[in-house]
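Morning, everyone. I have one structure for you today. Please take a look while I bring it up.

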Amino acid sequence: MTNYVIRRVLLNVAVIWLVMTFVFVTVRILPGDYAAAQVSERYFGGGAAAGESPEEALEKARERLGLNDSIPVQYAKYVRSLVTDDLGTSFATGRSVLAEIRHALPYTIQLGTMSMIVGVLVALPVGIISAIRQDSLLDGVLRLFAIGALAAPSFWTATIGTLVVLEYGILELNIVGNPGIWEDPWPSFQLFIIPAVAGGVSSGALVMRMLRSQLLDVLRQDYVRTAQAKGLRARTVILRHALRNALIPVLTVLGFVFATLVSGSVILEAMFNIPGMGQMMIVSLRSRDVPVVQGLALVLATGVVVVNLLVDLVYLQVDPRISVGGAE
Amino acid sequence: MLVFTSLAWFARRKKLATIGAVFAAAVVVVGVFGPYVAPYGDDDVFSEENPHYDPDNEDPTNLQASNPTRLALLSGPSWEHPLGTDEFGRDLLTRMVHGARLSVTVGVSASAVAAMIGAVIGIISGYLGGTVDLAIQRIIDALLAIPALVLLLLLVQTGEPSTQLTIVALAVLGVGPVTRLVRSATLVLRAEVFVEAARSIGAGQGRIMGRHIAPNVVGPMIVIFSASIGTNILAEAGLSFLNLSVPGPSWGGMVADGRAFLDSKPMMSLAAGGAITLAVLGFNLLGDGLRDVLDPRQRGSGL
């Protein structure tokens with residue numbers, strides 16, 4: 001078991017190194033750079049230093065940002081910045097990438113958590129009802145809802161949500177500033193609820209489909225019949241006996257759900273002007289703020305890898321039927 | 001004859017998948033032929049007095065004189081424009097049809113490219129095993145670890161926005177899952193007697209992989225090809241929504257543009273988003289049905 005864990009962790013370190021290098025290379029291929037964008041903006045938007053030609057300014061800016069170094073030198077500096085320099089320094093703000101991410105993280109976590117809550121609220125009841133009323137009209141309607149929710153893009157469901165809110169005026173849509181959930185709970189909730197529902201419903205539909213098919217399997221098992229034969233109430237049999245076992249395989253899709261939520265947050269944050277990591281990704285990519293792009297991609301990928309590793313390890317613990325490496 | 005019999009069998013056994021196939025086929029037909037049939041061009045603008053206004057036949061001096069408020073901006077449904085017009089006075093239905101072309105082209109090509117490249121890598125990884133397998137699988141792990149949209153954003157920025165670039169970027173994303181599936185199928189096939197027989201008469205590794213393994217992974221390839229078209233259409237719509245995909249009419253772009261006019265003309269966002277949903281739904285249902293028929297081991301993992 002210990003050997004297995006060590007092996008998995010080492011393999012994942014290799015994977016993260018690959019991600020790091022891949023992103024580094026891709027970012028170098030991107031046309032244009034931050035210095036060029038800044039200099040052209042300074043010359044076309046006014047504010048250029050007197051007696052300095054655009055070429056000189058460009059050269060100076062490139063030198064200052066380290067864009068003139070050879071690729072291997074840039075790579076070495078990048079790797080060093082991960083260890084010593086809090087993931088490097090943002091070209092745009094001059095602050096460390098880690099500080100930037102720390103600023104954006106709470107918004108993304110709030111959106112992700114609210115989406116997860118919506119997802120669970122959808123998946124659990126709908127999955128259970130759909131399984132125990134298998135092939136009924138209700139089951140048909142709920143399954144149709146699930147495949148529809150998986151096919152609908154989250155930015156469209158969020159648009160419909162906005163439309164409904166416009167129509168009935170339930171919520172305030174013009175939220176000023178970026179209220180945090182702890183400081184201004186109600187405005188913050190109003191800002192996040194539409195994107196959270198839009199993001200949560202589709203991941204909930206995914207979990208619901210999994211849960212339904214697992215429950216259908218489990219409900220045919222002997223121990224469920226035993227529980228029923230003992231005279232236990234249907235609710236006890238389903239919640240205490242069947243659901244517990246049906247949820248174990250559902251665990252395996254959690255890593256995928258996490259990655260989907262992160263992907264979804266990119267669009268939803270841009271759409272609702274939430275200053276989280278997704279919006280940060282788009283902004284920094286557009287302005288070619290290389291250190292931020294690299295740092296963000298690395299942090300997000302590490303998140304996915306860690307969630308997947310945790311899921312696998314928890315899976316080993318909760319399902320004794322699975323063993324690794326034979327002799328244990 | 002055989003084709004018709006099997007099609008009839010499929011339609012009888014897999015009702016939901018058949019509905020999906022009909023949707024998918026409708027989107028493909030509209031995407032392929034629609035732009036030729038449509039009476040207007042996607043950039044034609046229309047005025048209120050003359051719904052058939054064509055800027056190409058208009059005298060340019062006359063155009064200068066015409067009052068821009070006379071353009072049919074955000075007009076409601078009419079016989080000439082069944083879905084009305086957008087904020088520049090362009091016909092919405094025509095733009096929807098052109099959007100279908102983009103979605104179908106990108107979705108189908110990206111899935112096809114990913115299926116082929118993924119199959120080659122998957123067979124090599126699964127058949128050769130050892131260090132090659134280990135290395136390939138870690139690279140795939142790395143590709144899959146970066147959240148899909150983040151990787152997609154990175155890749156589509158590497159050049160001028162174009163259909164080809166979007167297809168390549170989506171194909172890179174699709175290679176990972178195909179490789180996984182084909183690799184696991186190859187691991188099973190490698191232990192089969194017919195592979196052992198081929199090896200015992202001295203067939204080389206290339207020949208075994210190409211002539212004996214490859215024909216047997218076509219089933220899983222078709223399954224993942226059809227199942228991934230919907231995912232690709234969704235991803236392309238997301239890119240268009242962020243205005244990072246191909247310039248020109250697209251469903252995602254229309255949802256984004258329509259958001260500014262939600263209170264006056266919600267039809268713009270609603271119709272485009274509805275089209276995305278129905279297209280993805282169609283391809284997903286078809287994919288699920290094909291998986292049940294072609295790959296019985298995975299049956300029941302869906303609906």
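Ground rules first. This is a predicted model, where local features need pLDDT of at least 70 and side-chain atom pairs count only at pLDDT 80 or more, while totals for chains, interfaces and linings use all residues. Residues are numbered from 1 along each chain as its sequence is written, chains are lettered from A and ligands numbered from 1 in the order in which they are written, and side-chain values use heavy atoms, with hydrogens and water left out.

So, the interface. On the chain A side, 44 residues are in contact with 45 residues of chain B; contact means heavy atoms within 4.5 Å. About 3900 Å² is buried between the two chains, and carbon and sulfur atoms give 79% of that. Buried area here is the accessible area (1.4 Å probe) that two parts lose on being put together, summed over both. Within chain A, the residues losing the most area to chain B are Phe155(A), Trp156(A) and Arg209(A), together 14% of what that side buries.

Arg209(A) and Asp288(B) make a salt bridge through their side chains, at 3.2 Å, N to O. The cut-off is a side-chain nitrogen of Lys or Arg within 4 Å of a carboxyl oxygen of Asp or Glu. Eight residue pairs are in polar contact between chain A and chain B, both at pLDDT 80 or more. Of the chain A elements, helix 1 gives the largest share of the side that touches chain B: nine residues. Helices are DSSP runs (H or I, at least four residues), numbered from the N terminus.

Next, a single residue. Ser263(A) sits in helix 11 of chain A. Is Ser263(A) buried or exposed? Buried, because its relative accessible area is 11%, and the cut-off is under 20% (1.4 Å probe, protein chains only), with exposed over 50% and partly exposed in between.

Last, the surface. A nonpolar patch is formed by Leu16(B), Ile19(B), Val22(B), Phe23(B) and Leu278(B), with about 420 Å² of accessible area together. Helix 2 of chain B, residues 15–37, gives the largest share, four residues. Ile19(B) lies in that helix and counts as partly exposed, at 42% relative accessibility.

How values were computed:
Patch = residues over 30% accessible without salt bridge, like charges linked within 9 Å, V, L, I, M, F, W, Y side chains within 5 Å. Areas by Shrake-Rupley, 256 points an atom, 1.4 Å probe, with all protein chains shown as cover. Helix = DSSP H or I, 4+ residues; strand = E, 2+ residues; numbered from the N terminus. Polar contact = N/O pair within 3.5 Å; in protein donor to acceptor, adjacent residues only side chain to side chain.
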